[in-house]
Amino acid sequence: MTVSPATSAALQIFQQLPEFSQAAPETLASLAGVAEQVELRQGQTLLRARTLESHAFIVVEGALRLLAKEPFQDDLFSVGRAEAGQLV
């Protein structure tokens, strides 16, 4: 079986995450085979409130600022930060 460079890179990322440390090698290979790279520019939205996502995201490089909406106003405020190597 030939593994593409993108799949091989994704597999390496999965193998480094503690969340996947107990996963079988076949499971990791399967995940790596369907993984897609998403690139965001500053200010772009990755996840929205009140939306059930069908995907998980791994921050490979850079960081994400996690925002929430103030319940009584329309203001956004920071609730955290996701760094490279973290699962979102």
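Arg81 counts as exposed, because its relative accessibility of 54% lies over the 50% cut-off. This assignment, like every value in this report, is computed from a predicted model.

**Salt bridges**

The side chain of Arg81 meets that of Glu83 in a salt bridge, with 2.5 Å from N to O. Glu83 belongs to strand E2. With a relative accessible area of 35%, Glu83 is partly exposed, because this value falls between the cut-offs of 20% and 50%. Along the chain, Glu83 and Glu61 are 22 residues apart, and their C-alpha atoms are separated by 7.6 Å.

How many salt bridges does a search of the whole structure find? The search finds two. Besides the pair of Arg81 and Glu83, the side chains of Lys69 and Asp74 meet in a salt bridge, at 3.6 Å from N to O. Lys69 and Asp74 are both exposed. The two salt bridges are set out below.

| Salt bridge | N to O distance |
|---|---|
| Arg81 and Glu83 | 2.5 Å |
| Lys69 and Asp74 | 3.6 Å |

**The loop between H2 and E1**

Two residues of this loop are described here. His55 lies in the loop between helix H2 (25–34) and strand E1 (63–69). Is His55 buried or exposed? His55 is exposed, because its relative accessible area of 54% is over 50%. The side chain of His55 makes a polar contact with the side chain of Ser54, at 3.0 Å. In sequence, His55 and Leu87 are 32 residues apart, while in space the distance from C-alpha to C-alpha is 11 Å.

Arg50 is found in the loop between H2 and E1 as well. With a relative accessible area of 83%, Arg50 is exposed, because this value is over 50%. The backbone of Arg50 also deserves mention: phi is near 60°, a positive value in a residue other than glycine. Most residues other than glycine have a negative phi.

**The largest pocket**

The largest pocket holds about 1800 Å³ of space. Two or more residues of its lining come from each of helix H1 (5–16), H2, E1 and strand E2 (76–83). Which element gives the largest share of the lining? That element is E1, with seven residues.

In total, 46 residues line the largest pocket. Those nearest its centre are Val38, Leu40, Leu46, Phe57 and Leu64. By residue class, the lining divides into 29 nonpolar, nine polar and eight charged residues.

**Aromatic contact**

The count of aromatic pairs comes to one. This pair is formed by Phe14 and Phe20 and is edge-to-face, with 5.1 Å from centre to centre and 75° between the planes. The edge-to-face label follows from the angle, because 75° is over the cut-off of 60 degrees. Phe14 and Phe20 are both buried, whereas Lys69 and Asp74 of the salt bridge at 3.6 Å are exposed.

Terms used
Residues numbered from 1 in each chain as written. Predicted model: local features only at pLDDT ≥ 70, side-chain atom pairs only at ≥ 80, totals over all residues. Heavy atoms only, no water. Helix = DSSP H or I, 4+ residues; strand = E, 2+ residues; numbered from the N terminus. Buried < 20%, exposed > 50% of the residue type's maximum accessible area, 1.4 Å probe, protein only. Polar contact = N/O pair within 3.5 Å; in protein donor to acceptor, adjacent residues only side chain to side chain. 1 Å grid on protein atoms, 1.4 Å probe; cavity = no way out; pocket = protein on both sides within 12 Å on 5 of 7 lines; lining within 4 Å. Points joined across faces, edges and corners; volume = space filled by probe spheres on them. Nonpolar A, V, L, I, M, F, W, Y, C, P; charged D, E, K, R; others polar. Salt bridge = Lys/Arg side-chain N within 4 Å of Asp/Glu carboxyl O. Phe/Tyr/Trp six-rings, centres within 6.5 Å; stacked < 30°, edge-to-face > 60°.
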